[in-house]
Amino acid sequence: MRLLVNGASIPVVQMGPDFLLVDAPFDHPPGDASVVLQVDQSERRWNVRLPHDISAGSKRVALAARA
């Protein structure tokens with residue numbers, strides 16, 4: 001599983017109902033992103049909104065549904 005934001009791919013270690021825990025966070029402002037889940041050859045994507053900044057100092061990333 002990974003989070004795609006502005007062309008960057010961040011590995012996801014855990015997903016909750018309104019957050020992700022990522023492996024290698026970097027500073028990024030709020031905006032749109034995609035969550036990608038790949039199992040074998042099957043891939044699923046969700047478009048999400050990042051309502052808060054991503055901080056390099058925190059592995060927790062808040063998510064919201066994209067309208």
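This is a predicted model: local features need pLDDT of at least 70, side-chain atom pairs count only at pLDDT 80 or more; totals for chains, interfaces and linings use all residues.
Seven strands make up an open sheet, with antiparallel pairing, in the order β6-β3-β2-β1-β4-β5-β7. The edges are taken by β6 (60–62) and β7 (64–65); each has a single partner strand, so one side of each is left without a neighbour in the sheet.

The largest nonpolar core has 13 residues, and the members that touch the most others are L3, L20, L50 and I54. Two or more residues come from each of β1 (2–5), β2 (8–15), β3 (19–22), β4 (31–39) and β5. For L50, the contacts beyond four places in sequence are V5, P30, G31, A33, V61, A62 and L63.

A polar residue, S34, also deserves a look. S34 is part of strand β4. Its relative accessible area is 14%, under the 20% cut-off, so S34 counts as buried. The S34 side chain has a polar contact, at 3.1 Å, with the side chain of N47. Apart from neighbours within four places in sequence, the residues in contact with S34 are R2, L3, L4, W46, N47 and V48.

Turning to the charged side chains, the model contains four salt bridges. One of them pairs R2 with E43, with 3.8 Å between the closest N and O atoms. This pair links distant parts of the chain, since R2 belongs to strand β1 and E43 to strand β5, 41 residues apart. Both partners are partly exposed: R2 has a relative accessibility of 24%, and E43 has 39%.

D32 takes part in a salt bridge with R49, at an N to O distance of 3.3 Å. Here D32 is in strand β4 and R49 in strand β5, so the pair ties together parts 17 residues apart in sequence. D32 also meets R66 in a salt bridge, at 3.9 Å from N to O. Because R66 lies in the segment after β7 and D32 in strand β4, this pair ties together parts 34 residues apart in sequence. Salt bridges with shared partners also join R2, E43 and R45 into one network. As for accessibility, D32 is partly exposed at 42%, R49 is partly exposed at 37%, and R66 is likewise partly exposed at 36%.

Terms used: Residues are numbered from 1 along each chain as its sequence is written. Side-chain values use heavy atoms; hydrogens and water are left out. Two strands pair if DSSP finds at least two bridges between them. Helices (H or I, at least four residues) and strands (E, at least two) are DSSP runs, numbered from the N terminus. A nonpolar core is a set of buried Ala, Val, Leu, Ile, Met, Phe, Trp, Tyr and Cys residues joined through side-chain atoms within 4.5 Å. Buried means under 20% relative accessible area, exposed over 50%, partly exposed in between (1.4 Å probe, protein chains only). Contact means heavy atoms within 4.5 Å. A polar contact is a pair of N or O atoms within 3.5 Å; within protein, one must be able to donate a hydrogen and the other to accept it, and residues adjacent in sequence count only if both atoms are side-chain atoms.
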